[in-house]
Amino acid sequence: MTPWPAREDIRITDLRVIVTAPEGVNLVVVRLDTSVPGLSGLGCATFHQRYDAVVSALTTHVRELVVGRSAADISDIGRLVHFSSYWRGGPVLNSALSGVDMALWDIAGKRAGMPVYELLGGRLRGDVPVYVHASGATVAETLDHAESLIAAGFSHVRLQTGQPGLGTYGAPGSRGAYPLAPYPDGWSVQHYLAQTPKLFAAARERLGDDVELLHDVHSRLTPKQAVVLARSLEPYRLFFLEDPVAPEHYDRLPEVRAASPVPIACGELAVSVPEAARLVSAGGVDLLRCHVSAIGGLTPARKLADLCELSGVQTAWHAPADVSPVGAAANLALDLTSPAFGIQEGHVYPDVVHEIFPGTPVVQAGYAQPSNAPGWGIELDEKLAAEHPPVVGGHERWAGTVRRPDGAIEAP
Ligand code: MG
């Protein structure tokens with residue numbers, strides 16, 4: 001139980017896990033109830049691809065550690081959950097930890113009557129600039145999409161384009177070019193390295209210089225190929241080049257970054273705080289972009305943001321559809337309060353998500369707006385959530401079946 005007397009005797013009375021998939025992506029949310037009627041907290045524990053492993057970790061192992069504890073002991077409970085398995089870290093256990101950590105911050109904010117970003121020191125900026133994704137099977141389709149986003153007020157746009165018979169991460173290829181290919185999502189490094197600079201040349205020509213352009217390699221290059229690509233993109237002034245190499249090769253990132261004329265953003269596949277910290281301390285990144293639930297939640301992410309601030313590195317937290325609105329709110333709390341903020345990945349949640357999670361951050365005209373209610377300012381309608389049960393599969397198609405022309409699986 002608690003190793004010291006609590007200043008206020010507010011105990012955690014229950015831990016439950018809600019999984020809902022309104023967009024076909026499993027959102028895993030922890031709910032902590034307390035001994036104060038009506039006082040509860042929500043935390044993001046989303047790991048879409050292996051959601052049930054996270055649920056099991058939480059309900060079988062973590063619940064008994066936290067029930068009965070004082071809701072005020074965020075740091076101690078986090079260390080307890082982290083160390084209690086002895087072998088710690090990884091996306092399953094860190095997602096479980098994140099769910100507890102964020103739910104405790106939510107409770108702390110509600111107790112104080114303040115949004116979490118005020119507990120962290122208050123705003124350093126107004127609303128948060130976000131980047132969004134433009135994609136298409138052809139360059140023209142991608143730029144059409146980008147133009148519509150710029151017209152809607154977005155100032156930062158990520159561009160991804162497929163080509164005949166060959167996709168890129170985030171963009172399909174047009175079908176029929178390789179009818180005998182024994183794989184559904186072909187990808188060729190040769191074509192990719194040749195085409196990507198053409199995409200950005202066309203983008204600057206058509207979109208002009210007033211928009212920030214980004215690109216996601218999604219881990220598919222060797223370190224030397226990453227340097228070749230980065231140099232080819234120099235004339236187009238990218239805001240950043242994302243995840244140029246796979247996490248298995250993170251130790252080569254310092255040499256990639258040293259040779260790259262464009263900023264390198266990396267880290268969404270980091271699954272421990274030390275791994276993410278080494279990306280910063282070894283000089284491997286210009287922007288750190290972890291998936292906050294995969295590194296254990298707000299508390300460790302805040303430490304990494306401080307490390308970035310002291311190291312001249314910026315943040316760009318990962319946040320497409322596989323982050324729950326609670327996780328998105330945690331990202332915004334970091335963005336609002338850290339001098340290291342660079343940009344935030346933005347996801348425009350559909351109406352159904354706003355109905356399930358009232359208070360979901362709103363993304364419009366290029367900015368994300370957090371709820372200003374206490375805690376995360378987000379509620380969860382469990383009845384509505386249950387109408388969208390979890391799904392199995394889906395992501396495997398791009399994460400596990402992207403194949404080279406010779407049929408070999410490519411790193412996703
Ligand atoms: Mg990415």
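## Terms and model

A residue counts as buried under 20% relative accessible area, as exposed over 50%, and as partly exposed in between, with a 1.4 Å probe and protein chains only. At 26% relative accessibility, His133 therefore counts as partly exposed.

This is a predicted model, in which local features need pLDDT of at least 70 and side-chain atom pairs count only at pLDDT 80 or more, while totals for chains, interfaces and linings use all residues. Residues are numbered from 1 along each chain as its sequence is written, and side-chain values use heavy atoms, with hydrogens and water left out.

## The magnesium site

The magnesium ion is coordinated at 2.0 to 2.3 Å by Asp216 (OD), Glu242 (OE) and Glu268 (OE). Donors are N, O and S atoms within 2.8 Å of the metal (3.2 Å for Na, K and Ca); water is not among the atoms, so sites may look incomplete. The spacing of the donor residues in sequence is D-x25-E-x25-E. Glu242 lies in strand S8 (residues 238-242) and Glu268 in the loop between strand S9 (264-266) and helix H9 (273-281), so this pair ties together parts that are 26 residues apart in sequence. Helices (H or I, at least four residues) and strands (E, at least two) are DSSP runs, numbered from the N terminus.

Both Glu242 and Glu268 are buried; for Glu242 the relative accessibility is 0%. Contact means heavy atoms within 4.5 Å. Beyond residues up to four places away in sequence, Glu242 touches Tyr131, Arg158, His215, Asp216, Val217, His218, Ala265, Glu268 and Arg289.

## Two residues with positive phi

His218, which is among the contacts of Glu242, has a phi near 60°, a positive value in a residue other than glycine. His218 belongs to the loop between strand S7 (212-216) and H7. Its relative accessibility is 7%, so His218 counts as buried.

Asp243 is not a glycine either, and its phi is also positive, at about 40°. This residue is placed in the loop between S8 and helix H8 (253-259). With a relative accessible area of 2%, Asp243 is buried.

His133 is part of strand S4 (residues 128-136). Leaving aside neighbours within four places in sequence, its contacts are His145, Leu149, Arg158, Pro320 and Glu345. From C-alpha to C-alpha, His133 and Leu214 are 8.9 Å apart in space, and they are 81 residues apart in sequence.

His291 sits in the loop between strand S10 (287-288) and helix H10 (298-311). It is buried, with a relative accessible area of 8%. Its contacts, neighbours within four places in sequence left aside, are Thr46, Gly267, Glu268, His318, Asp322 and Val323. One of these, Glu268, is also a donor to the magnesium ion. The C-alpha atoms of His291 and Leu149 are separated by 24 Å, and the two residues are 142 residues apart along the chain.

## Leu336 in helix H11

Leu336 is located in helix H11 (residues 325-337). At 0% relative accessibility, this leucine counts as buried. Apart from its neighbours within four places in sequence, Leu336 is in contact with Tyr117, Gly122, Arg123, Leu124, Arg125, Gly126, Val128 and Pro370. Of these, Arg125 is 211 residues apart from Leu336 along the chain, while the C-alpha atoms of the two are separated by 5.8 Å.

## Helix packing

Two packed helices are described by the angle between their axes and the distance between the axes. Axes are lines fitted to C-alpha atoms, for helices over the stretch in contact, and angles run from 0 to 180 degrees between N-to-C directions. The axes of helix H6 (residues 189-207) and helix H7 (residues 223-232) come within 9 Å and cross at roughly 20°. H6 and H7 are therefore roughly parallel to each other, a term for angles under 35 degrees. Their crossing is right-handed, meaning that the near helix is turned clockwise from the far one by less than a right angle. On the H6 side, Val189, Tyr192, Leu193, Thr196 and Pro197 meet Gln225, Leu229 and Ser232 in H7. The residues of this contact divide into five nonpolar, three polar and no charged. Ala, Val, Leu, Ile, Met, Phe, Trp, Tyr, Cys and Pro count as nonpolar, Asp, Glu, Lys and Arg as charged, and the others, Gly among them, as polar.

Helix H1 (residues 51-66) and helix H2 (residues 74-83) pack at an angle of about 145°, with their axes 10 Å apart. The crossing of H1 and H2 is right-handed. Val62, Leu65 and Val66 in H1 meet Ile77, Leu80 and Val81 in H2, and the residues of this contact divide into six nonpolar, no polar and no charged.

Technical notes. Parallel < 35°, antiparallel > 145°, perpendicular 65-115°, else oblique.
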